[in-house]
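Try each task before you read its solution.

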Amino acid sequence: MSDAVRPAVRGDAARVHEIATAAWHDAHEPIIGRDAVREFLDRYYTPADLREAIEKPETVFLVVGDPIAGFVEVGPSGDEDGTWTVYRIYVHPDEYGDGIGTRLLSAAESRVDAERLRLVVMGENDRAVGFYESRGFERVDTAESEWGTTDFVYEKPLEDTA
């Protein structure tokens with residue numbers, strides 16, 4: 001597999017959908033259940049939704065691998081100057097532990113003009129919590145989700161490269 005990170009294109013949506021489906025079931029089904037995962041995927045991860053997200057000019061949507069093994073989407077938060085949000089970052093479960101998430105996150109960080117990144121993760125998702133904390137994110141808040149989980153809000157300051 002190639003480990004090149006590149007901007008996603010419209011034709012990547014089907015593979016991104018496959019990865020999101022596998023990753024959501026793997027990571028979130030034990031926390032919120034199969035039906036809730038299916039509902040979430042049907043609401044936010046249809047191939048049409050993903051094609052639209054890939055084509056948004058204000059966001060950065062990257063994929064890695066050939067075949068694609070993971071993806072990340074980041075964009076301006078809209079509530080604070082200098083803050084961008086990691087909207088989604090997922091790696092196919094068969095590829096966990098191969099550094100793909102780290103490559104995606106590093107590539108996204110290098111492509112944004114931001115003072116900090118923010119993200120929200122289910123607090124019971126130990127793998128994700130450990131991943132973000134090991135990459136310099138610090139928990140700044142908690143929130144309740146529509147799924148009845150406690151979510152952790154993380155931020156990471158980015159170095160000024162200007």
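**The aromatic cluster**

Ring pairs join Trp24, Phe40, Tyr44, Tyr45, Phe61, Phe71, Tyr90 and Trp147 into a cluster; rings of Phe, Tyr and Trp (its six-membered ring) pair if their centres lie within 6.5 Å. The model is a predicted one, in which local features need pLDDT of at least 70 and side-chain atom pairs count only at pLDDT 80 or more, while totals for chains, interfaces and linings use all residues. Residues are numbered from 1 along each chain as its sequence is written, and side-chain values use heavy atoms, with hydrogens and water left out.

**Exercise 1.** Classify the pair formed by the rings of Phe40 and Tyr44.

*Solution.* Start with the total: the structure holds 11 aromatic pairs. For Phe40 and Tyr44, the ring centres are 4.8 Å apart and the planes are at 50 degrees, so the pair is tilted (planes under 30 degrees apart count as stacked, over 60 as edge-to-face and the rest as tilted). Next, place the residues: both lie in helix H2 (residues 34-44), four residues apart, about one turn of the helix. Helices here are DSSP runs of H or I with at least four residues, and strands are E runs of at least two, numbered from the N terminus. Finally, check accessibility: Phe40 is buried, at 14% relative accessible area, whereas Tyr44 is partly exposed, at 35% (buried means under 20%, exposed over 50%, partly exposed in between, with a 1.4 Å probe and protein chains only).

**Exercise 2.** Work out which parts the pair of Phe40 and Trp147 ties together.

*Solution.* First the geometry: the centres of the Phe40 and Trp147 rings are 6.1 Å apart with planes at 70 degrees, so this pair is edge-to-face. Then the location: Phe40 belongs to helix H2 and Trp147 to the loop between strand E6 (138-144) and strand E7 (150-157), so the pair ties together parts 107 residues apart in sequence.

**Exercise 3.** Describe the surroundings of Asp12.

*Solution.* Begin with position: Asp12 sits in the loop between strand E1 (2-7) and H1. Asp12 is buried, with a relative accessible area of 8%. Now look at the side chain, which makes a polar contact with the side chain of Arg6 (2.7 Å); such a contact is a pair of N or O atoms within 3.5 Å, where within protein one must be able to donate a hydrogen and the other to accept it, and residues adjacent in sequence count only if both atoms are side-chain atoms. Last, leaving aside neighbours within four places in sequence, Asp12 is in contact (heavy atoms within 4.5 Å) with Arg6, Pro7, Ile54, Val63 and Ile68.
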